[in-house]
Amino acid sequence: SNTRCQAPAPPRAVRASPAGARTMEPPRVPPGVDPLFIALTRFNRRDYAATVALCTQLLDAQPYDQAAWYLKTRALTLLNWVDDVEVDEEGVADVLLDDNATASMPRPGTS
């Protein structure tokens, strides 16, 4: 018999993009509701991945929609935001207690 091992299917709300990154499937928009309103609601709930997915879907249909572009860029910025304090590896103690020390005795023959 020909049995092959198959990889499990990805979760339903996630799809693979061409670059190999995983993106969220846009949430279902009820009939008669503006998708941008749903995206804005998701943004206000701090669900930035769903906001990006909805705005991407909107921009596929209307690439010049400035509100969708603005909301998508804000969501991407907040989704990938890095705190500058976390990046700084040199702490206050390292700055104050560095390796540069003043000699307690002057060099011989200099004074």
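1. Let's start with a definition: helices (H or I, at least four residues) and strands (E, at least two) are DSSP runs, numbered from the N terminus. Y48, for instance, sits in helix α2. What you have here is a predicted model, where local features need pLDDT of at least 70, side-chain atom pairs count only at pLDDT 80 or more, and totals for chains, interfaces and linings use all residues. Residues are numbered from 1 along each chain as its sequence is written, and side-chain values use heavy atoms, with hydrogens and water left out.

2. How far can you trust it? pLDDT is the predictor's confidence in each residue, from 0 to 100. The protein chain averages 76, and 59% of the residues score at least 70. (Contact means heavy atoms within 4.5 Å.)

3. Now the overall layout. The protein chain has 5 helices and 2 strands, and from the N terminus on, the order reads β-β-α-α-α-α-α. Of its 111 residues, 18% count as buried; buried means under 20% relative accessible area, exposed over 50%, and partly exposed in between (1.4 Å probe, protein chains only). Take the contacts with a separation of 6 or more: 36% of them join residues 24 or more positions apart.

4. Look at α1 and α3 next. The axes of α1 (residues 35-44) and α3 (residues 66-79) come within 11 Å and cross at roughly 20 degrees, which makes α1 roughly parallel to α3. Axes are lines fitted to C-alpha atoms, for helices over the stretch in contact, and angles run from 0 to 180 degrees between N-to-C directions. Angles under 35 degrees count as roughly parallel, over 145 as roughly antiparallel, 65 to 115 as roughly perpendicular and the rest as oblique.

5. Which residues do the touching there? L36, A39, L40 and F43 in α1 meet A67, A68, L71, R74, A75 and L78 in α3. By class, that contact has 9 nonpolar, no polar and 1 charged residues. For the classes, Ala, Val, Leu, Ile, Met, Phe, Trp, Tyr, Cys and Pro are nonpolar, Asp, Glu, Lys and Arg are charged, and the others, Gly among them, are polar.

6. Then there's α2 with α3. These two helices pack at an angle of about 150 degrees, with their axes 9 Å apart, and are therefore roughly antiparallel to each other. On the α2 side, Y48, A49, T51, V52, C55, T56, L58 and L59 meet A68, W69, L71, K72, A75, L76, L78 and L79 in α3. The residues of this contact divide into 13 nonpolar, 2 polar and 1 charged.

7. Zoom in on Y48. At 14% relative accessibility, Y48 counts as buried. Not counting residues up to four places away in sequence, Y48 touches F43, A75, L78 and L79. The C-alpha atoms of Y48 and L76 are 7.1 Å apart, although 28 residues separate them along the chain.

8. Is T51 buried or exposed? At 0% relative accessibility, T51 counts as buried; leaving aside residues up to four places away in sequence, T51 touches A39, R42, F43, L71 and A75. T56 lies in helix α2 (residues 48-61) too, but at 23% relative accessibility T56 counts as partly exposed. The C-alpha atoms of T56 and K72, 16 residues apart along the chain, are separated by 7.5 Å.
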